[in-house]
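Here is a short briefing to read alongside the model. Keep the viewer open and follow each topic in turn.

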Amino acid sequence: MGGYRYVQRRPWLLALLALLIIACGLLLRRTIAAGREATWAHIQQTGIWRVGMDPSFPPFENLDTGTGQPVGLDVDLANAIARRWGVRAELVGVGFDQLVDAVAARRVDSAISALPAFADRTKEVSFSSPYIEAGIVLAAPIGSPIAKPEDLAGKRVAAEWGSAGDAEARGLQQRLEGPFDLVLSESADAALGAVDAGKADAVIVDAISLALYNRAGGRLAQVGKPLRSDPYVIVVPKGAPRLLTEVNNALAALEEDGTLAAIRGRWLDTAGP
Amino acid sequence: MLGIALALLVLAASQRPRVEFGPQQHVVSINPKMCVHTRLTDEVEPWKIQRTFEMVREMGASWVVEYFLWAAQEPARGVYDWSHADLVIDHAANQGLTLIARLGYVPEWARPPRTSPLLLDKDGYDAFADFVAAFASRYRGRVNYIIIWNEPNLSQEWGFRKVDPAGYTEMLRRVYPAVKRANPDVKILAGALAPTLAPPGSEWGLNDLDYLQAMYDAGAAPYFDVLAVHSYGWTFPPDAPAGVDAVNFSRAELLHDVMVRNGDGDKPIIITEGGWNDHPRWTKAVRPAQRAAYTVRAYEKVLTEWPWAQALCVWAFRYPRPAGTYQDYYTFVDGDFRPKPIYEAVRRYARGEGVPSLP
């Protein structure tokens with residue numbers, strides 16, 4: 001006989017090998033692309049992370065009257081993230097209306113300025129994980145029997161006239177089986193004060209107003225989860241997946257090690273009285 | 001199955017409010033210069049468009065400013081979609097309102113790829129002029145005021161380029177004659193400059209006074225009929241005196257002074273954006289009672305003390321969706337058309353029922 005030897009073919013093995021090669025190639029390509037991402041690479045090379053903010057919205061960002069420098073929750077957050085990356089946060093004052101466009105145009109690397117995730121801007125920018133809840137909440141005095149929205153039947157509920165809290169309260173009135181009286185005030189603080197003064201049994205207000213009210217001596221506690229969640233996020237350009245990943249990783253790490261809680265606590269009374 | 005599908009369609013249609021124009025309405029107000037910016041660009045439901053203009057009329061405002069996107073009206077060169085504009089303009093007219101149309105927002109075919117929709121090269125000026133002319137022609141008799149661009153003295157509004165008063169003037173030079181050929185009755189509003197103290201060389205823009213002077217220096221005077229002005233009060237009352245280093249409501253007087261110095265003092269101004277905000281924490285906001293009183297006082301001031309101002313258009317009547325920011329505190333009614341205290345105060349004023357005292 002000749003030197004011919006029959007080798008049994010295993011086509012499934014060849015197919016698996018081909019798939020594995022393709023997968024590795026795609027992963028390698030993605031890794032290289034992420035590594036080459038211009039925004040993140042530039043931040044690493046220069047050691048500077050340009051963060052846009054409009055310093056006119058305390059306690060998130062405002063200009064210190066003494067130093068003229070921006071201070072606030074968002075300022076501390078930007079600096080904390082930058083420290084984790086081993087870079088410096090350069091805070092760039094940008095008018096609020098221009099912030100998202102400035103990020104999209106890469107005039108700044110990111111924006112941290114009490115910004116919600118604008119649903120109509122997702123084609124131009126990306127939004128990080130939330131770093132603080134700023135939506136609408138139900139609050140009542142500590143020890144109140146009101147433990148959920150359904151307990152509001154027959155009660156008096158305060159809200160700021162014309163606010164998102166007012167709208168949420170009216171929506172709740174329509175959804176709940178038992179009606180409640182809506183007590184409207186001219187401001188969020190007045191609505192919160194109405195509860196402490198006994199003129200209302202509960203209040204529907206934004207979470208930040210509640211936190212600041214308690215920081216100033218109020219004694220109201222949030223009841224349950226937010227009625228409408230509307231958290232603040234960090235805005236990064238579209239097409240900067242590495243930067244977005246790093247921002248989200250930093251936020252997660254700061255949450256885990258307590259830094260984010262400390263920042264919130266410094267500017268807001270998030271724990272309640 | 002077909003019968004069930006048809007039944008469901010009929011049921012769905014019956015759930016939507018039926019929108020009929022109804023009889024021609026007229027505004028009743030003691031102040032014919034009252035105006036609001038209605039922000040219906042993103043509002044697609046006809047009943048909400050109608051309800052917006054109804055409430056504006058009932059409040060006593062005779063004018064509205066509305067933003068029409070070039071990119072939406074002309075999705076491809078020479079191909080027009082006037083459907084949304086027709087809806088807005090017809091409803092405004094039915095409510096007896098004078099509509100000022102702001103035009104801008106560059107379609108993708110008229111700018112380089114992946115650029116801001118607020119960027120228009122000189123190469124695109126003729127295309128923009130053609131669009132404005134087509135708009136003016138279509139709405140002849142129904143729209144007599146057109147604002148060309150918006151806040152060109154801000155880099156962001158100029159496509160994130162260095163601001164260019166001469167470039168904006170060139171835009172006006174192309175647009176003006178094209179529009180007048182199409183509709184000689186329309187008034188072209190130029191400027192709509194952002195009130196800002198940005199100094200020369202700032203990467204973010206140029207202050208409105210210097211920018212306007214630069215427009216005149218570039219020969220803009222023959223190419224607009226009305227100067228559009230933005231006049232926000234921030235934390236200052238409407239009677240706070242004007243100053244070159246101050247952004248307040250009276251800054252409009254300084255812009256008028258620039259016009260006078262350039263021999264253009266007979267030309268009117270329309271304040272196409274302005275007003276106050278009452279967010280509890282924004283540093284440029286006032287309290288709700290102040291906002292109501294300041295707004296009414298501003299309407300009164302424009303009527304009795306500023307003969308050169310044709311109208312005051314306060315920002316903004318309503319947003320289709322909450323912004324979730326301090327900007328929600330500019331509105332007169334919420335997303336569900338519930339009037340805020342400022343709406344009630346302005347309505348009482350327009351009916352001659354009194355002016356809220358300044359806190």
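**Domains of chain A**

The centres of domain 1 and domain 2 of chain A, taken over C-alpha atoms, are separated by 31 Å. Domain 1 covers 38–132 + 231–267, and domain 2 covers 136–228. Please bear in mind that this is a predicted model.

**The nonpolar core**

- The largest nonpolar core has 186 residues, and the members that touch the most others are Val203(A), Ile146(B) and Leu189(B).
- Both domain 1 (38–132 + 231–267) and domain 2 (136–228) of chain A contribute residues to this core, so the core lies between them.
- Beyond its neighbours within four places in sequence, Ile146(B) contacts Ala101(B), Leu103(B), Val132(B), Ala136(B), Val179(B), Val186(B), Ile188(B) and Leu189(B).
- As general background, nonpolar side chains tend to be buried together in soluble globular proteins.

**The open sheet of chain A**

- Chain A has an open sheet of five strands, ordered β10-β9-β11-β8-β12, with mixed pairing.
- Strands β10 (181–185) and β12 (220–228) of chain A are at the edges; each has a single partner strand, so one side of each has no neighbour in the sheet.
- On average, neighbouring strands of this sheet are turned by 30° against each other, direction ignored.
- Strand β9 (residues 156–160) of chain A pairs with β10(A) in the parallel sense, over five bridges.
- Within β10(A), Asp181(A) is the residue that stands opposite Arg156(A).
- Helix α6 (residues 188–196) of chain A lies across β8 (136–141), β9, β10, β11 (202–206) and β12 of chain A, and runs at about 155° to β11(A).

**The barrel of chain B**

- In chain B, eight strands close into a barrel with parallel pairing, in the order β1-β2-β3-β4-β5-β6-β7-β8.
- From one strand to the next, the twist averages 30°.
- Three bridges join strand β7 (residues 269–275) of chain B to strand β8 (residues 309–314) of chain B, in the parallel sense.
- Look for Leu312(B) in β8(B), which is the bridge partner of Ile271(B).

**Two helix residues in chain B**

- Tyr211(B) belongs to helix α7 (residues 208–217) of chain B.
- Is Tyr211(B) buried or exposed? Tyr211(B) is buried, because 26 other C-beta atoms lie within 10 Å, and 20 or more is the cut-off for a buried residue.
- Not counting residues up to four places away in sequence, Tyr211(B) touches Asn153(B), Val163(B), Pro165(B), Leu193(B) and Leu206(B).
- Although Tyr211(B) and Glu151(B) are 60 residues apart in sequence, they are 10 Å apart in space, C-alpha to C-alpha.
- Ala178(B) sits in helix α6 (residues 165–182) of chain B.
- Ala178(B) counts as partly exposed because it has 18 C-beta neighbours inside 10 Å.
- Apart from neighbours within four places in sequence, Ala178(B) is in contact with Ala129(B), Asp130(B), Val132(B) and Ala133(B).
- Ala178(B) and Lys162(B) are 16 residues apart along the chain, and 27 Å separates their C-alpha atoms.

**Where the chains meet**

- How many residues of chain B are in contact with chain A? There are 22 residues of chain B in contact with 20 residues of chain A.
- On the side of chain B that touches chain A, eight residues are nonpolar, six are polar and eight are charged.

Note on methods:
Residues are numbered from 1 along each chain as its sequence is written. Chains are lettered from A and ligands numbered from 1 in the order in which they are written. This is a predicted model: local features need pLDDT of at least 70, side-chain atom pairs count only at pLDDT 80 or more; totals for chains, interfaces and linings use all residues. Domain bounds come from an automatic or database domain assignment. A nonpolar core is a set of buried Ala, Val, Leu, Ile, Met, Phe, Trp, Tyr and Cys residues joined through C-beta atoms within 7 Å. A residue is buried if 20 or more other C-beta atoms lie within 10 Å of its own, exposed if 12 or fewer, and partly exposed in between; C-beta atoms are placed from the backbone. Two residues are in contact if their C-beta atoms, placed from the backbone, lie within 7 Å. Helices (H or I, at least four residues) and strands (E, at least two) are DSSP runs, numbered from the N terminus. Two strands pair if DSSP finds at least two bridges between them. Axes are lines fitted to C-alpha atoms, for helices over the stretch in contact, and angles run from 0 to 180 degrees between N-to-C directions. Ala, Val, Leu, Ile, Met, Phe, Trp, Tyr, Cys and Pro count as nonpolar, Asp, Glu, Lys and Arg as charged, and the others, Gly among them, as polar.
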